[in-house]
Amino acid sequence: MKRNVFFTIVAIFAIQLGYTQVPVWVDFNSTGSGRSINVLASKQFHNRHELGGGICININKQTLNDDQFCVFRKRMYSIQPIEFFGVEGFYQIHFLKNLEHIDLFAFYDIQYRFSHCRSWFGNYTEEGKRSYIIYGPYHWIEQNIGIGFSVDIWKNLFLIQRIGGGINLIVGYGKPDYNAMIAKPKTEWEFGYLLSSGIGYRF
């Protein structure tokens, strides 16, 4: 029964998309946890409201920023193949719809990933370099609100940019106890942000 309901919903949604333009875009995404390339699609409702989502492909950062009392900032580090992929969902509300070729909107965005964390170990190697420690994995849940715009380039091609801020939840294990070399179970949070810039096509 549940399977039939699921396929019915998917079929209705697919039919609805067939009668409207569907924007699809690829963007470079920078958040509090790290960087990724995201492939996204969306659907507008009632001319102002838009729902969308897609897949995130994580990019491991080889160099680390200064800690600045943020244990997890820019520390997400994928090891297993599945950890390189995440999901994103968003809601956008559009305003000043009378502008030609420019679309302004406010948004709420949520991104989820399951990946390890890579940070400083706390001491130095014989070569004078700082050591790294990899621990986790964690559930990374990033929520941001902000503003953005899209600009028509040529025919159905467009550019889109977003900027926002919010809260990151890191669920699983807290920062490691360097003396015991054990990561203790807990949930951490940090202030986060979202910067993204992409190019897309309206099908």
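## Exercises on a buried charge network and a nonpolar patch

The side chains of Glu88 and Arg162 come together in a salt bridge with an N to O distance of 2.9 Å, a salt bridge being a side-chain nitrogen of Lys or Arg within 4 Å of a carboxyl oxygen of Asp or Glu. The model is a predicted one, in which local features need pLDDT of at least 70 and side-chain atom pairs count only at pLDDT 80 or more, while totals for chains, interfaces and linings use all residues. Residues are numbered from 1 along each chain as its sequence is written, and side-chain values use heavy atoms, with hydrogens and water left out.

**Exercise 1.** Find the network of salt bridges to which Arg162 belongs.

*Solution.* Begin with Asp109, whose salt bridge with Arg162 has its closest N and O atoms 3.2 Å apart. This pair links distant parts of the chain, since Asp109 sits in strand β6 (residues 102–124) and Arg162 in strand β8, 53 residues apart. Asp109 counts as buried, at 0% relative accessibility. Next take Asp27, which forms a salt bridge with Arg162 at 3.9 Å between the closest N and O atoms; Asp27 belongs to strand β1 and Arg162 to strand β8 (residues 157–177), 135 residues apart. Asp27 is buried, as is Arg162. Through shared partners, the salt bridges join Asp27, Glu88, Asp109 and Arg162 into one network.

**Exercise 2.** Identify the residues of the nonpolar surface patch and the strand that gives the most to this patch.

*Solution.* The patch, of about 620 Å², is made by Val26, Phe28, Ile37, Val39, Ile55, Ile57, Ile59 and Phe85. Patch residues have over 30% relative accessible area and no salt bridge, and nonpolar side chains (Val, Leu, Ile, Met, Phe, Trp, Tyr) are joined within 5 Å; areas come from the Shrake-Rupley method. Two or more residues each come from β1 (23–31), β2 (35–45) and β3 (49–59), and β3 gives the most, with three. Ile37, found in strand β2, is partly exposed at 31% relative accessible area, a class that lies between buried and exposed (over 50%).

Technical notes:
Patch = residues over 30% accessible without salt bridge, like charges linked within 9 Å, V, L, I, M, F, W, Y side chains within 5 Å. Areas by Shrake-Rupley, 256 points an atom, 1.4 Å probe, with all protein chains shown as cover. Helix = DSSP H or I, 4+ residues; strand = E, 2+ residues; numbered from the N terminus. Buried < 20%, exposed > 50% of the residue type's maximum accessible area, 1.4 Å probe, protein only.
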